[in-house]
Amino acid sequence: MSNGGECRYVIGQNAYIKLILHALKHKTSAVNGVLLGRLSGDIVEITDSVPLFHSSQIGLLPPLEIALIMIEEYYSSQGLSIVGYFHANERFDDLELGTVAKNIADHVYRYFPQAAVLLLDNKKLGALRNKKDKAPVLQIYTRDSSKSWKQAEADRMTTKEPSANIVLLDYTSSEKWNDIVDFDDHLDDISKDWLNSELFK
Amino acid sequence: MVSKTEESQLQQLENQVENGGGGAWEYLSLVRKLKLRRSDKVLKHGLTLLNDSKQRSALGADEWTLYEQVAIAALDCQSLDVAKDCIKVLQKKFQDSKRVGRLEAMLLEAKGSWAEAEKAYSSLLEDNPLDQVISMRRVAMAKARGDILGAIDWLNKYLEIFMADHDAWRELAEIYVSLQMYKQAAFCYEELILCQPMIPLHHLAYADVLYTIGGLENLQTAKKYYASTIELTGGKNIRALFGLCLCSSAIGQVTKGRNSEDKEISGLAAAALEKDYKKNSPDKASVLGSTLKALKLN
């Protein structure tokens, strides 16, 4: 397959929750992250994620380049690679996939043509409390042959565990986002673990 | 910009207050002094203080400052009723006050009544054309509405008058970066370095922008500014150390190794990183090693 046109995406609960918690930790700025996983037949399995940045300097290359090299070096030993990109815009109602996000996504696409771009949908996230929904609170974009990122149908991606949103709500009420570490945090204090290995223990 | 000591002091106070150890007023005062945005905590603890009449009267004249601080935090958390109540108290105490008028306009902003807020700010500015805070609200409103180009416009007008406002220059630079207008962002950082040459963050941000623009000359200049950042921070700034390594790698690629580049400085940076990781992040030391190898630096 040369495009993302036919594959489905299944995102593991931990990978999914990490990204949302990251966005919740930094409510007043844009955040982003990468998705790790592998292609399995016609399914892209997203098994992990790494939250990247939360500063207003998301559009700058140096921290991004270091992060991507380090992440690829670490995960390749597990047979995983970067299979997608996550972005949450600064403003609540902004559902546009901006140029910074697209550029980073294009870079990921070059190495993995079935890459997916996930954009946080704040309204869906806010509605979770009242409306128990199993679907991820994200918009999904894939790159078709026309070289542009197009929004895919919501059912193209599911969470591996159907209870993912329930667990997410749980963590939200306990303010679990305080424990999330991203690459920005790591660069400010290298003792902070961007793998978040202790997060769900 | 907050120093590391101030950051840890804040964290300590925050933990103390969160765990019922008292010190709410000290915490709130520190947040105010450092101009930080901790609205959910400020709202929670500020409101507790205000609702306790004994503690409130113990504050004396500071009581009104607290009302203002809580009102603004409430607006940020969309607790508009709390904000309204605080503003009402202030209105009663300080009738016809411009400062309270500002809060009223901010309430309109929080409600999304943009046109009314704009009218309120304009009339406040008529009497007080040099009010920095109100001028800044215009920028904030434009940003909140998604009118980024409008925000740039207002910010540039603001800087024509208040050209020594470093935070505003940084804000403008950050907006330019978010729009990938890197050359304009570079100009802002140049202004900041001219005004505040000893602040390493400006050097670092400038280097990051130059690297992002790319091209041999920019990479070489970026390398110089990563070096100055390292100098100004006593070699402790990880981002600058990485930046230096990236520059060397990129310059090597662009010149295809023809340039007898000063490999010594990037070698030093790489060594400094390895030493730091071994000490403070040992489980990531091998990933660092392979990263530096990928950059052809060890």
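**Figure 1. Cysteines of chain B in the predicted model.** The count of disulfides over all chains comes to 0 in this predicted model. Cys188(B) takes part in no disulfide, and the nearest cysteine sulfur, belonging to Cys195(B), is 11 Å away. With a relative accessibility of 1%, Cys188(B) counts as buried. For Cys247(B), the closest cysteine sulfur is that of Cys245(B) at 9.4 Å, which is too far for a bond. Cys247(B) likewise counts as buried, at 0% relative accessibility.

**Figure 2. Aromatic pair of Tyr74(A) and Tyr75(A)****.** Over all chains, 12 aromatic pairs are counted. One of them joins Tyr74(A) and Tyr75(A) in an edge-to-face arrangement, with 5.0 Å from centre to centre and 85° between the planes. Tyr74(A) is partly exposed at 24% relative accessible area, whereas Tyr75(A) is buried at 2%. Both tyrosines belong to a cluster linked by ring pairs, together with Phe53(A), Phe183(A) and Trp194(A).

**Figure 3. Aromatic pair of Tyr206(B) and Tyr225(B)****.** The two rings are edge-to-face, their centres 4.9 Å apart and their planes at 85°. The pair links distant parts of the chain, 19 residues apart: Tyr206(B) lies in helix 13 (residues 200-213) of chain B and Tyr225(B) in helix 14 (residues 216-232) of chain B. Tyr206(B) counts as buried, at 8% relative accessibility, while Tyr225(B) counts as partly exposed, at 24%.

**Figure 4. Charged side chains over aromatic rings****.** In chain A, Arg143(A) lies over the face of Tyr109(A), 3.8 Å from the ring centre. In chain B, the charged end of Lys157(B) is placed over the ring of Trp154(B), at 5.0 Å from its centre.

Conventions:
Residues numbered from 1 in each chain as written. Chains lettered and ligands numbered in written order. Predicted model: local features only at pLDDT ≥ 70, side-chain atom pairs only at ≥ 80, totals over all residues. Heavy atoms only, no water. Disulfide = S-S within 2.5 Å. Buried < 20%, exposed > 50% of the residue type's maximum accessible area, 1.4 Å probe, protein only. Phe/Tyr/Trp six-rings, centres within 6.5 Å; stacked < 30°, edge-to-face > 60°. Helix = DSSP H or I, 4+ residues; strand = E, 2+ residues; numbered from the N terminus. Lys NZ or Arg CZ within 6 Å of the ring centre and 35° of its normal.
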